[in-house]
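Trainee: I have a structure to go through before the group meeting. Can we take it by question and answer?

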Amino acid sequence: MSSSEEGPSYPVFFGVMGSVSAIVFSALGAGYGTGKSGIGICAMGVRKPELIMKAIIPVVMAGIIAIYGLVVAVLIVNNIKEKDYKPFEGFMHFGAGLSVGLSGLSAGFAIGVVGNAGVRGTAQQSKLFVGMILILIFGEVLGLYGLIVSLLLVTKMS
């Protein structure tokens, strides 16, 4: 372990990995949610093209997951200091990145699966639309929980 006069250098690694984890995992979840929902939208659009704009909601909700990760990644990067960056700060930033990233990944999976089945089902029975939206909200809130915990971890340093 090398350390300079300012302190050890490994905390910066953990801070950067927290930032990377935040955006990479949440973008993976958003990408999966967008792709999986898009498959359902395309399949539904063949028979009922007038419903495509109404069916775009899961794609928008999946995209919001990536924004959560982007916000936390930017906050972490802005808090990484070249000097006097303590191990505590690096570990907290790493935890914050994993929190929003992995919860965004799971939220994106949920939104993708529900979005795919939901838009296909809504094309056959319009009464399913409200139920699909409610389930999508419950999937989205998984990512929101991770964002809240991440923001608490990033702002914990005082």
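Trainee: What share of the accessible surface of the protein belongs to carbon and sulfur atoms?

Mentor: This is a predicted model, where local features need pLDDT of at least 70, side-chain atom pairs count only at pLDDT 80 or more, and totals for chains, interfaces and linings use all residues. Residues are numbered from 1 along each chain as its sequence is written, and side-chain values use heavy atoms, with hydrogens and water left out. Accessible areas come from the Shrake-Rupley method with a 1.4 Å probe, and for residues only the protein chains shown count as cover. The accessible surface comes to about 8500 Å², and the share of carbon and sulfur atoms is 72%.

Trainee: Which residues does the UniProt annotation "transmembrane region" cover?

Mentor: UniProt positions are in the numbering used here, feature names are shortened, and annotations may be inferred rather than shown by experiment. In the model, residues 12-34 are 100% helix, with end C-alpha atoms 33 Å apart. Residues 128-154 are also 100% helix, and their end C-alpha atoms are 39 Å apart. The unreviewed entry gives the annotation to residues 12-34, 55-76, 96-116 and 128-154.

Trainee: How far apart are the end C-alpha atoms over residues 94-153?

Mentor: The unreviewed UniProt entry annotates residues 17-76 and 94-153 as "domain: V-ATPase proteolipid subunit C-like". Residues 17-76 are 85% helix and 0% strand, with end C-alpha atoms 10 Å apart. Residues 94-153 are 95% helix and 0% strand, and the end C-alpha distance is 9 Å.

Trainee: Where does Ser21 sit, and which residues does it touch?

Mentor: Ser21 is found in helix α1, residues 10-47. Its relative accessible area is 7%, so Ser21 is buried; buried means under 20%, exposed over 50%, partly exposed in between, with a 1.4 Å probe and protein chains only. Contact means heavy atoms within 4.5 Å. Not counting residues up to four places away in sequence, Ser21 touches Ser26, Phe94, Gly97, Leu98 and Gly101.

Trainee: Which residues are in contact with Gly101?

Mentor: Gly101 lies in helix α3. With a relative accessible area of 0%, Gly101 is buried. Leaving aside neighbours within four places in sequence, Gly101 is in contact with Ser21, Ala22, Phe25 and Ser26.

Trainee: Is Ser37 buried or exposed?

Mentor: Ser37 lies in helix α1. Beyond four places in sequence, its contacts are Pro58, Val59, Ile111, Gly112, Gly115, Asn116 and Val119. Relative accessibility is 0%, so Ser37 counts as buried.

Trainee: Which residues are in contact with Leu136?

Mentor: Leu136 is in helix α4, residues 128-154. Its relative accessibility is 0%, so Leu136 counts as buried. Neighbours within four places in sequence aside, Leu136 is in contact with Ile57, Pro58, Met61, Ile111, Val114 and Gly115.

Trainee: Which residues does Met132 touch?

Mentor: Met132 is found in helix α4. It is buried, at a relative accessible area of 4%. Not counting residues up to four places away in sequence, Met132 touches Val114, Gly118, Val119 and Thr122.

Trainee: What is the phi of Asp84?

Mentor: Asp84 lies in the loop between α2 (57-79) and α3 (87-124). It is exposed, with a relative accessible area of 52%. Most residues other than glycine have a negative phi. Asp84 is not a glycine, yet its phi is positive, at about 60°.

How values were computed
Helix = DSSP H or I, 4+ residues; strand = E, 2+ residues; numbered from the N terminus.
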